[in-house]
Amino acid sequence: MLRNRSLAALKPVVFRTYATAVGPHALVFLEHRGGVIDSGSLSALAAAEKLGGQVTGLVVGSADEVTAVLPKAQKLKGLTGLLHASSPQYAPALPETVSPLLEKILSDGSPFTHVVSAHSASAKALLPRVAAKLDVPAVSDITSLEHDASSNSTTFTRPIYAGNAIATVVAGSSIPLKFFTVRSTAFKAVAADGSEVEAKSVEPAEVSGPVTEHVRTELTKSDRPELGSASRIVSGGRALKDAQTFNATLEPLADALGAAIGASRAAVDAGYADNSLQVGQTGKVVAPELYVALGISGAIQHLAGMKDSKLIVAVNKDPDAPIFQVADVGLVADLFEVVPELVEKIKQ
Amino acid sequence: MRPTPARLLNILVPVKRTIDYAVKIRVNPDQKGVDLNVKHSMNPFDEIAVEEAVRLREKLKDEIKSIKVVTIGPPKSIETLRTALAMGADSAIHVEIPDSAPAPEPLGVAKALRALIEKQKDGVDLVIMGKQAIDDDAGQTGQMLAGLMNWPQATFASKLVVDPATKEANVTQEIDGGLQEVKAKLPLIVTTDLRLNEPRYASLPNIMKAKKKPIEKVSPADLGIDLTPRLETIKVAEPPKRQGGGKVESVDELVAKLKEAGFLSKS
């Protein structure tokens with residue numbers, strides 16, 4: 001029943017003649033880096049579309065950044081509107097400087113009923129701050145949603161306890177503005193569909209006085225697919241011994257498969273791999289087509305980050321390692337013997 | 001007492017009692033929650049927050065005037081406060097709620113913390129707290145508190161350097177794809193990443209000493225706040241089970257499985 005309603009709402013908007021029940025109108029915070037919209041934001045957009053109403057995107061950044069991203073954002077499928085605001089203060093977009101802008105956009109008289117973003121580091125920092133200022137709760141890392149326009153309530157599901165339980169949470173009509181962040185692996189990223197939505201500029205709400213100052217950003221450079229959206233991932237754990245062994249073992253296999261490289265917390269803590277490669281409850285949550293776990297025992301916190309992968313392959317010396325309980329294909333063996341052989345045979 | 005007119009730093013560390021991270025949780029048959037009759041301990045990110053506060057004092061000595069820990073939770077949460085005191089905090093506040101009360105949500109907790117901060121005679125210069133609790137995995141409270149206080153925030157910190165003279169802090173943050181460093185004026189809210197430090201174990205003498213440290217008990221009503229959740233949790237269910245356990249004997253079999261699944265067609 002709900003599904004029918006949302007399909008109907010996707011048709012060209014026809015204004016109702018009665019004054020009750022305003023349809024949902026989502027504001028989606030579109031993140032970008034280097035002139036490219038983050039794939040997580042494209043998944044957030046897909047989730048926003050499921051509310052069954054209007055969807056307005058918001059692009060924030062320096063003038064140059066906004067100019068570069070806007071044409072791409074305008075073509076995104078599912079957007080019914082697009083707002084942009086630029087200021088030198090928004091590069092990079094720190095929560096202290098961007099939250100006043102969001103507050104202004106969302107303040108009294110705004111048409112918005114939902115505020116949506118990816119569950120990314122920067123949006124996780126921003127959205128709860130804004131929600132608190134507007135005195136509304138927020139829902140983190142949702143994996144599904146359903147909106148009932150007649151009662152103006154939205155029902156979400158979200159993982160709790162490191163994904164070992166799924167909570168169903170209702171944000172009812174007493175919450176006028178529903179904030180939520182979206183688990184990107186749970187929604188298929190929207191594509192550009194050619195039609196172009198009109199972009200409207202919003203005055204920046206600049207912050208005066210001492211603000212948090214950005215000192216530097218250091219990004220891990222890699223030619224490999226981005227971990228969060230890769231369709232194949234080769235991941236290593238503590239058994240990889242050291243950083244050199246980690247790279248020497250995993251890279252050939254990742255190359256052969258065209259995969260991204262991930263790591264368990266143990267491997268990251270021991271310094272074998274960069275922090276940004278950590279898969280798990282406190283790192284990245286991934287759901288690739290193929291996840292190859294090498295020398296990873298499969299602690300609860302690691303499984304939380306990868307157990308929605310389509311095919312899980314595990315190689316581990318310990319036949320009792322918990323990873324084998326979720327692996328579709330398990331091989332009890334020494335990974336240092338298996339991986340080179342595997343690379344050889346994949347190449348054939 | 002130091003004669004300097006400059007005010008010394010007061011640190012507040014909010015902590016939460018959660019199910020121990022190593023426990024495999026079980027969903028109750030009534031699908032209203034999870035079985036809570038299991039081992040509990042301090043939320044791991046909060047241990048890191050306490051540790052960081054104690055390390056700051058070890059580094060800045062007298063410049064840190066106080067380290068106060070606070071928890072909002074049922075009577076048993078007092079154990080979590082004792083643990084934090086044994087790690088080196090000076091005093092604690094327990095905002096006690098009944099066992100039967102629903103778990104407060106991040107906005108309620110943030111409002112309670114704001115009320116507590118406003119009650120501190122000496123003020124609060126730095127709040128260090130976990131980036132998320134491992135039970136609700138919301139990761140919102142620090143940011144919400146920063147919003148309510150209109151203070152700067154530094155989330156997912158992996159390094160914290162405080163300069164008491166300038167009342168500024170440099171914080172390195174874990175962001176998607178790498179690191180970011182920001183400089184912010186105190187008062188500041190910092191949320192901890194796993195990478196920030198390695199928490200210490202409390203020694204027996206310190207555990208004994210912690211028993212004498214003061215714990216102030218207040219009620220939500222004393223703070224003038226209502227912790228009733230505004231979001232309604234209607235169901236807690238088991239996640240779909242994976243059919244694992246398919247083991248193979250050799251690399252050849254493994255390769256065959258990958259082929260079968262279509263992963264090697266291109267190469």
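Of the 267 residues in chain B, 54% count as buried, where buried means under 20% relative accessible area, exposed means over 50%, and partly exposed lies in between (1.4 Å probe, protein chains only). This is a predicted model, in which local features need pLDDT of at least 70 and side-chain atom pairs count only at pLDDT 80 or more, while totals for chains, interfaces and linings use all residues. Residues are numbered from 1 along each chain as its sequence is written, chains are lettered from A in the order in which they are written, and side-chain values use heavy atoms, without hydrogens and water.

Chain B holds 7 helices and 13 strands; helices (H or I, at least four residues) and strands (E, at least two) are DSSP runs, numbered from the N terminus. Its C-alpha trace spans about 75 × 45 × 40 Å along the principal axes. Among the contacts in chain B with a separation of 6 or more, 69% come from residues 24 or more positions apart, a contact being heavy atoms within 4.5 Å.

Now to the rings. The whole structure has 1 aromatic pair over all chains. The ring centres of A:Phe156 and A:Phe180 are 4.8 Å apart and the planes stand at 50 degrees, so this pair is tilted. (Rings of Phe, Tyr and Trp, the last by its six-membered ring, pair if their centres lie within 6.5 Å; planes under 30 degrees apart are stacked, over 60 edge-to-face, and the rest tilted.) Because A:Phe156 belongs to strand S9 (residues 153–160) and A:Phe180 to strand S11 (residues 178–182) of chain A, the pair ties together parts that are 24 residues apart in sequence. Both A:Phe156 and A:Phe180 are buried.

A:Ser264 is buried, with a relative accessible area of 7%. Leaving aside neighbours within four places in sequence, A:Ser264 has contacts that include A:Arg238, A:Gln278 and A:His302.
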